[in-house]
Amino acid sequence: MIFGRSERGKPPVEPVTLKILVAGGFGVGKTTLVGAVSEIRPLRTEERLTEAGRPVDDTSGVEGKHTTTVAMDFGRITLREDLVLYLFGTPGQERFWFMWDELSEGALGAVVLADTRRLEDCFAAIDYFERRSIPFLVGINCFEGAPRYPIEDVRQALDLDEGVPLMMCDARDRESVKDALVGVVQHAMAYAADRREAVTG
């Protein structure tokens, strides 16, 4: 059990723990994002790409990538004394998508990473969360040399609803990642409140 710090004479605070998924296409920066922000040593399940996988693994645009996540990445970050996020990075390749149903169980929301050079690679993640009514935020990962477009142009290209948050994000930068995580928590809380209001009328 994780306990936050407490003032002298006050009992320790038992934080709320929330599960956030980090999803997107192969090579978009999910493992990097979890590693950049985790306060514990991240759990990684990366394996080297092999010749046997070449017919099914699309590495165009990420030719320099030599490993792939085969199960998940896992990290943890304390946003406040009373709020801890558990981060689960999903595998990006289609042959490992069967893991997503297990990983999404109990998730509050998700960050979908996008690369402007391969926007189509995040369509599957967006579709997955939309179909399951899991609130998500799209973070455009700022790769060096990748073209930059106005946010609204990217929103239109991804066919995102106006209510889905969309922001620039650098998966290598701790503060940038924290902003994205705070954004998805806020969006998920507002989403849950709207659904409760719709039910109770």
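Helices (H or I, at least four residues) and strands (E, at least two) are DSSP runs, numbered from the N terminus. I note this before anything else.

**Entry: the model.** I am working with a predicted model, where local features need pLDDT of at least 70 and side-chain atom pairs count only at pLDDT 80 or more, while totals for chains, interfaces and linings use all residues. I number residues from 1 along each chain as its sequence is written, and side-chain values use heavy atoms, with hydrogens and water left out.

**Entry: overall layout.** I looked up the elements and found five helices and eight strands in the protein chain. Along the sequence, I read the pattern β-α-β-β-β-β-α-β-α-β-α-β-α. Of the chain's 201 residues, 45% count as buried. I take buried as under 20% relative accessible area, exposed as over 50%, and partly exposed as in between (1.4 Å probe, protein chains only).

**Entry: strand 1.** I placed leucine 18 in strand 1, residues 16–24. Leucine 18 is buried because its relative accessible area is 11%.

**Entry: positive phi.** I found serine 133 in the loop between helix 3 (123–131) and strand 7 (136–141). Serine 133 is not a glycine, yet its phi is positive, about 55°. With a relative accessible area of 32%, serine 133 is partly exposed. I also noted aspartate 159, a residue other than glycine with a positive phi near 55°. Aspartate 159 sits in the loop between helix 4 and strand 8, and it counts as exposed at 64% relative accessibility.

Entry: I located glutamate 162 in the loop between helix 4 (151–158) and strand 8 (166–169). Glutamate 162 counts as exposed, because its relative accessibility is 61%.

**Entry: cysteines.** I looked for disulfides (pairs of cysteine sulfur atoms within 2.5 Å) and the structure holds zero. The sulfur of cysteine 142 has its closest cysteine sulfur in cysteine 169, 7.1 Å away, which is too far for a bond. Cysteine 142 counts as buried at 16% relative accessibility, and cysteine 169 counts as buried at 1%.
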